[in-house]
Amino acid sequence: MTAGVESQIHSSQVRTDQTASLSPALKQATPVVVDTAAGSWIRGTDGRDYLDFTTGIGVTSTGHCHPHVVAAAQAQCAKIIHAQYTTVMHTPLLELTTRLGAVLPMGLDSVFYANSGSEAVEAAVRLARMATAKPNIIVFQGGFHGRTVAAASLTTAGTRFSAGFSPLMSGVHMAPFPYAYRYGWDTDTAVDFALRELDYLLQSRVAPNDTAAFLIEPVLGDGGYLPTPPRFLQGLRERADRHGILLVLDEVQAGFGRTGRFWGHQHAAGLTPDILITAKGLASGFPISAIAAPTELMSKAWPGSQGGTYGGNAVAAAAAIATLDVIESEGLVENARVRGEQLLAGLRQVCAPFPGVGDVRGLGLMAGIEFITTDAAGNTTPDAAAALAVQQATTTQGLLSLTCGPSANVVRLIPALVVTAEEIDLGVARFGAALAAALG
C-alpha cells in the first residue's frame with residue numbers, strides 16, 4: 001500500500017476524539033423523545049402515550065402519519081424525490097396548483113412555492129414592494145411572521161425573535177392590534193381604537209403613497225392566539241383599497257381548515273386579500289409553503305426574483321395533494337369548527353375556578369389560555385411563571401402543549417384537524433388536572 005493511499009484511508013476514518021450535540025440555543029418545550037406517532041398521539045421512547053395538542057406548531061394538520069398522506073409520499077419517493085422546479089417541472093406540483101385553485105379565494109390564481117413560512121413571507125413582501133414600487137410595510141403589534149432577517153423584522157410577537165442581530169430590515173412600521181383583553185375593553189372599542197391609530201399612523205408617519213402593504217395574521221400565532229376581529233380585517237381592506245395599499249394575509253398557521261373555515265380570513269364576510277401566504281398544515285408535516293396572488297399582480301415580480309433550490313419539492317407536493325384529499329373526504333374543516341367549540345367550552349369550564357386564568361379564547365382548533373396576576377387594586381400583569389408551570393404539568397398529565405405571547409404567559413393548544421370528541425374531552429380533563437397540579 002502506498003503512503004498516499006494509506007493517508008486517504010486514515011483521513012476518511014470516523015473521528016473518536018469529538019462528539020457533536022444540538023445547539024444549546026435550542027430549548028425543547030417538553031422532555032419527550034418520539035418513538036412513533038399516529039393521529040393525535042405520540043408514543044415516546046419512555047413507553048408513554050401522549051395526546052399531542054401541539055401538532056408540530058400546527059403542522060400535522062391531518063394528524064401524525066395519516067395513511068393516505070404516508071402512501072402518497074412513499075409512492076412519490078419511488079418516482080422522483082427532488083425535481084428542481086425552475087429546471088424541470090414535475091406533475092405533483094402541477095396537480096397541487098390546480099387543486100389549490102379550487103380552495104384559494106376567487107381571483108388569487110397564481111402561486112409561487114417555497115419551503116417555509118418565513119420564505120413565503122419574504123416572497124410576499126418582495127412581490128408587494130416590486131408591484132407597488134413602494135418601500136413601507138405596516139405590521140400589527142403581536143404579529144409573528146418568521147425568524148429570517150426580513151421576516152423577523154416584521155415580527156412583533158416578542159423581542160426574542162429579532163434581538164441581537166441588528167440592523168433589521170428598514171421600512172417596517174407597527175400599528176396597534178385590537179387586543180381587547182389587554183386593554184380591558186370590549187371588542188368593538190378595541191377595533192375602533194386600532195383603526196383610529198392606523199389612520200393616525202398613515203397621517204403622521206407612514207404616507208400611504210409610500211406604503212406597499214398591510215401584513216397581518218387572521219389569528220395571531222406566537223402573539224398569543226388572538227383571533228383578529230372580522231371588522232378590523234374589513235377596515236384594513238377598506239383602507240387598503242382607498243389608499244392603493246396591498247392587503248397581505250399571513251395564513252401560515254390559521255389556514256388550511258384550522259379555524260373552522262378553510263382560510264382564517266373567511267370569518268370576515270366578503271374579504272379577499274391581495275396576497276395570501278400559506279405553509280404549516282399545507283402538507284401534513286412535509287416542508288412546503290406558497291404565496292398566492294392574482295396573475296396580474298404576480299406578473300409584476302421582477303425576473304429572477306422568485307426561485308429556490310427546494311421550493312415545491314415533489315414529495316412535499318404529493319403530500320399536500322393527499323392532505324387536500326383527506327381534508328375534503330373526512331370533512332375536517334367542519335370537524336375543526338365543531339371540535340373547536342367543544343374545546344373552548346371545556347377549557348372555560350375547567351379554568352373557571354382558577355383566578356389566575358385571565359382569558360380563554362380561540363377560533364376553531366386554536367385555543368389560548370392567558371395567565372395573569374391581579375394586585376389589590378385590581379390591576380393585572382402577565383404571569384409567565386404560571387403559564388410555564390401549567391404547560392410543564394400538561395406533559396406530566398400526558399398532554400402536550402406550548403406557550404406563546406410576547407410575555408410568554410399564554411398556553412396554546414393546537415389539536416390536529418382529525419381530533420375526535422373523545423380526544424377533546426380527554427385533553428380538557430388532562431388540562432384541568434395540570435391546572436390543579438400547577439396552581440393548586
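**Exercise 1. Is Arg231 buried, partly exposed or exposed, and what is its relative accessible area?**

Solution. The model is a predicted one, in which local features need pLDDT of at least 70 and side-chain atom pairs count only at pLDDT 80 or more, while totals for chains, interfaces and linings use all residues. Residues are numbered from 1 along each chain as its sequence is written, and side-chain values use heavy atoms, with hydrogens and water left out.

Step 1: the classes are buried for under 20% relative accessible area, exposed for over 50%, and partly exposed in between, with a 1.4 Å probe and protein chains only. Step 2: Arg231 has a relative accessible area of 35%, so Arg231 is partly exposed.

**Exercise 2. Which residue forms a salt bridge with Arg231, and in which helices do the two residues lie?**

Solution. Step 1: a salt bridge requires a side-chain nitrogen of Lys or Arg within 4 Å of a carboxyl oxygen of Asp or Glu. Step 2: the partner of Arg231 is Asp192, and the closest N and O atoms are 2.9 Å apart. Step 3: Asp192 belongs to helix H8 (residues 187–204) and Arg231 to helix H9, so that the pair links distant parts of the chain, 39 residues apart; helices here are DSSP runs of H or I with at least four residues, strands are runs of E with at least two, and both are numbered from the N terminus. Step 4: Asp192, with a relative accessible area of 36%, is partly exposed.

**Exercise 3. Describe the salt bridge between Arg237 and Asp274, and the surroundings of each side chain.**

Solution. Step 1: the side chains of Arg237 and Asp274 meet at 2.9 Å, N to O. Step 2: Arg237 lies in helix H9, whereas Asp274 lies in the loop between S10 and S11, 37 residues apart. Step 3: Arg237 counts as buried at 13% relative accessibility, and Asp274 also counts as buried, at 18%. Step 4: salt bridges that share partners also join Asp199, Glu238, Arg239 and Arg242 into one network.

**Exercise 4. How many salt bridges does the structure hold, and which parts does the one between Asp325 and Arg99 tie together?**

Solution. Step 1: the structure holds 14 salt bridges. Step 2: in one of them the side chains of Asp325 and Arg99 meet at 2.8 Å, N to O. Step 3: because Asp325 lies in helix H11 (residues 314–329) and Arg99 in helix H4 (residues 91–101), this pair ties together parts that are 226 residues apart in sequence. Step 4: Asp325 counts as partly exposed at 25% relative accessibility, and Arg99 is partly exposed with 22%.

**Exercise 5. What is the strand order of the open sheet of seven strands, and which helices lie across its strands?**

Solution. Step 1: taking two strands as paired if DSSP finds at least two bridges between them, the order is S4-S12-S11-S10-S7-S5-S6, with mixed pairing. Step 2: strand S4 (110–114) and strand S6 (172–175) each have a single partner strand, so they stand at the edges and one side of each is left without a neighbour in the sheet. Step 3: from one strand to the next, the twist averages 20°. Step 4: strand S11 (residues 275–278) and strand S12 (residues 289–293) run antiparallel and are joined by three bridges, with Thr278 standing opposite Ala290 in S12.

Step 5: helix H5 (residues 117–132) lies across S4, S5, S7, S10, S11 and S12, at about 25° to S12, and helix H9 (residues 230–243) lies across S5, S7 and S10, at about 170° to S7. Axes are lines fitted to C-alpha atoms, for helices over the stretch in contact, and the angles run from 0 to 180 degrees between N-to-C directions.

**Exercise 6. Is Ser118 buried or exposed, and which residues does Ser118 touch?**

Solution. Step 1: Ser118 lies in helix H5. Step 2: its relative accessibility is 13%, so Ser118 counts as buried. Step 3: not counting residues up to four places away in sequence, Ser118 touches His145, Gly146, Arg147, Thr148 and Ala151, where contact means heavy atoms within 4.5 Å.

**Exercise 7. Describe the open sheet of four strands.**

Solution. Step 1: the order is S1-S2-S3-S16, with mixed pairing. Step 2: strand S1 (34–38) and strand S16 (399–400) stand at the edges with a single partner strand each, so one side of each is left without a neighbour in the sheet. Step 3: strand S3 (residues 49–52) runs parallel to S16 and is joined to S16 by two bridges, in one of which Asp52 has Leu400 as its partner.
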